[in-house]
There are 4 protein chains.
Amino acid sequence: MGKNRLEAFSDGVLAIIITIMVLELKVPHGANLADLKPVLPVFLSYILSFIYLGIYWNNHHHMLSATRVVGGGVLWANLHLLFWLSLVPFVTGWMGENHFASAPTALYGVVLLMAAIAYWILLRSILRKQGKDSLLARAIGKDLKGNVSVVIYAVAIAVAFLNQWIADGLYVLVVLIWLIPDRRIERMLFENGKID
Amino acid sequence: MGKNRLEAFSDGVLAIIITIMVLELKVPHGANLADLKPVLPVFLSYILSFIYLGIYWNNHHHMLSATRVVGGGVLWANLHLLFWLSLVPFVTGWMGENHFASAPTALYGVVLLMAAIAYWILLRSILRKQGKDSLLARAIGKDLKGNVSVVIYAVAIAVAFLNQWIADGLYVLVVLIWLIPDRRIERMLFENGKID
Amino acid sequence: MGKNRLEAFSDGVLAIIITIMVLELKVPHGANLADLKPVLPVFLSYILSFIYLGIYWNNHHHMLSATRVVGGGVLWANLHLLFWLSLVPFVTGWMGENHFASAPTALYGVVLLMAAIAYWILLRSILRKQGKDSLLARAIGKDLKGNVSVVIYAVAIAVAFLNQWIADGLYVLVVLIWLIPDRRIERMLFENGKID
Amino acid sequence: MGKNRLEAFSDGVLAIIITIMVLELKVPHGANLADLKPVLPVFLSYILSFIYLGIYWNNHHHMLSATRVVGGGVLWANLHLLFWLSLVPFVTGWMGENHFASAPTALYGVVLLMAAIAYWILLRSILRKQGKDSLLARAIGKDLKGNVSVVIYAVAIAVAFLNQWIADGLYVLVVLIWLIPDRRIERMLFENGKID
């Protein structure tokens, strides 16, 4: 089965998720700059989630560009990932509107954690099809970043109920870890002259 | 006429339907975990509908991957299917917000039933173009799953007014029947070496 | 310039327009079938608009499948068409929520009229690039259906203030005229063996 | 890495942004033409933003059609542009609902300014990959329009607090500057016979 439609559908869902989040930014009724103040925390949580979704789109893009065959298992593993990502606007709005309170901050971490696990499952189901010696398998290697992220999310969820700002700081930390572009796959593909 | 734009448009509509459903998950005003409680039934109905739409996307994908020619009749049969699927967010929200009450549960089944019939019409209109001996016709065979689903929906609609939990259980049953991936088309295509 | 991205963008916008209309179907608060009653007129206007947008997508599809070159003028003529179509959810909601009252019914016709004019402009700007003897020019011929539709819309807008039901009936009439699939382009392409 | 998925994702996000703006046009409760009056300023701001997003889509289209290679830096520069454009519906709604008051008019200009800067960064990051003598570099030349726009936005933001109508007029002026289609890239490509 071709991977094109899987990419197109994922792109569509990610584009919609990233864009409907902005609907949580409710237009204030007053016309002064001060009226924007209550929108500010929602805006900050919007920026954070926008970057997270950008990272997922970016990594998803890389992962599939090194993939050839796509079977039924991969389709469902992909939908499972999109399911957790589709909850990002909800937890973003809840966290923003409550000024990064403990429970919403923890739930935000739960969704990120589940999305990370879903991404891991998707990666495994693609690798299973391609074999351990495949280009993708070698490119991913030990997936240190992915494993570190999961640990940080788990810590952040627990810490959120003690001090939510540490948890929020940990979410920013994961963003920074990933924003440094993951050139592993890109380099491997380049070295093997397989860029299409 | 090429089938690519039909696929792209269907993917777009399905991606939007599956994603705007999450807008029915209204962000609660309180910041405690207990404030999530009223959202829970909507969340459960969201999961159910997400899987249903995933199944439709998956099957739609399979069906068209074995299709070559697309005429005006197919375009409209496809729009007819998308129409019923576009009502899924509405009935999902109504069922969730009313904690799976009888009438919303029955209406949910009506929309599923109409979508199943629309899918059947789409399948017939594609097969009519391709002939009875085509790859797709042989792959589909008697379409047992599709027929069983229609019967279960009809039963669930009637039963919803007696006991809605049985009806909801029947919707979950159909999901389980379909989640076991339908490898018929995949296998046929594989055996004929026609995977592109 | 390639026409693929124009098609993809138009498909995206049309898919979103056709789908966000369903957000005008507000989930009722009660859980009885009777609570659906106020939603009914909105539902009827939704069906009407869904078919209209389906017709536009269908015709747009045909028109571009017979098009090769796309210039800046065509891009803007296309955006102009999408602008008027993007107003369909608004007028659909207004007409439905006010039970097909005169003013909303008339405004609905204005948007349809402007969309029809925008479609005509788009067609002209494509034909200007392709020449009078092009495949598309011959396939379209005198565009009787398009011209008749514009006249009916104009009549409906005026009539809406006398009796809105006649106006609504005229909108249904136009739908019926178009639902009979316009095989002109399809046939021409087929005869010329140019289907790709 | 292929540029197709970057185009598809950008098209998706732009299509959604341009379309969800229409959700800010709240359906009025009354059924008279007079009930449309409060919607009018939102409608005017909608037209303005629709054209702006159309210009961005158009220019984005041109820029990428002259691009071959896409790296990680370009992906993020593109997401950065989409981030600022995703805020357009918010500022459009705020400006429209407050009848083009000073603060919303100024904020509208800030978002336009940031989007223009993001577009400039994206252009540079593509050019850096392609070299100074590339087709795109020569086609863009000194990018006079882009530089003039940035200056006008900056002036408009400052002027908005003195007289917002001058600022709004300046936004219309930028639209007019860009609506005159930028044939530079198109011409260069044509002369080099590189249109694909």
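Visitor: How many salt bridges are there over all chains?
Guide: The count over all chains comes to one salt bridge, meaning a side-chain nitrogen of Lys or Arg within 4 Å of a carboxyl oxygen of Asp or Glu. This is a predicted model, in which local features need pLDDT of at least 70, side-chain atom pairs count only at pLDDT 80 or more, and totals for chains, interfaces and linings use all residues. Residues are numbered from 1 along each chain as its sequence is written, chains are lettered from A and ligands numbered from 1 in the order in which they are written, and side-chain values use heavy atoms, with hydrogens and water left out.

Visitor: Which residue pairs up with Glu24(D)?
Guide: Lys26(D) forms the salt bridge with Glu24(D), and their closest N and O atoms are 4.0 Å apart. As background, side chains of opposite charge can pair when their charged atoms come close.

Visitor: Is Glu24(D) buried or exposed?
Guide: Glu24(D) is buried, with a relative accessible area of 14%. Buried means under 20%, exposed means over 50%, and partly exposed lies in between (1.4 Å probe, protein chains only).

Visitor: Switching topic: how many residues do chain A and chain B bring to their contact?
Guide: Chain A brings 32 residues and chain B brings 39, where contact means heavy atoms within 4.5 Å. Together the two chains bury about 3,000 Å², and 75% of that is on carbon and sulfur atoms. Buried area is the accessible area (1.4 Å probe) that two parts lose on being put together, summed over both.

Visitor: And what does the rule find across that interface of chain A and chain B?
Guide: It finds three residue pairs in polar contact, both residues at pLDDT 80 or more. That term means N or O atoms within 3.5 Å; within protein, one must be able to donate a hydrogen and the other to accept it, and residues adjacent in sequence count only if both atoms are side-chain atoms. Salt bridges between chain A and chain B number zero.

Visitor: Which element gives the most to the side of chain A that touches chain B?
Guide: That is α1(A), with nine residues. Helices are DSSP runs (H or I, at least four residues) and strands are too (E, at least two), numbered from the N terminus. By class, that side of chain A has 22 nonpolar, seven polar and three charged residues. Ala, Val, Leu, Ile, Met, Phe, Trp, Tyr, Cys and Pro count as nonpolar, Asp, Glu, Lys and Arg as charged, and the others, Gly among them, as polar.

Visitor: What rotation superposes chain A on chain B?
Guide: A rotation of 90° does, with 0.0 Å of shift along its axis and an RMSD of 0.0 Å. The two copies are thus related as by a four-fold rotation axis. Gly12(A) has the C-alpha of chain A nearest the axis, 4.3 Å from it.

Visitor: Why do the copies meet through different surfaces?
Guide: Only 6% of the interface residues of chain A are also interface residues in chain B, so the surfaces are different.

Visitor: What about chain D and chain A?
Guide: They bury about 3,000 Å² between them, with carbon and sulfur atoms giving 74%. Arg5(D), Trp76(D) and Phe90(D) supply 27% of what chain D buries against chain A, more than any other three residues.

Visitor: Last one: where is Leu82(C)?
Guide: Leu82(C) sits in helix α3 (residues 72–86) of chain C, and it is buried, at 2% relative accessible area. Leaving aside neighbours within four places in sequence, its contacts include Phe9(C), Val13(C) and Phe50(D).

Methods: Least-squares fit on C-alpha atoms with pLDDT ≥ 70 in both.
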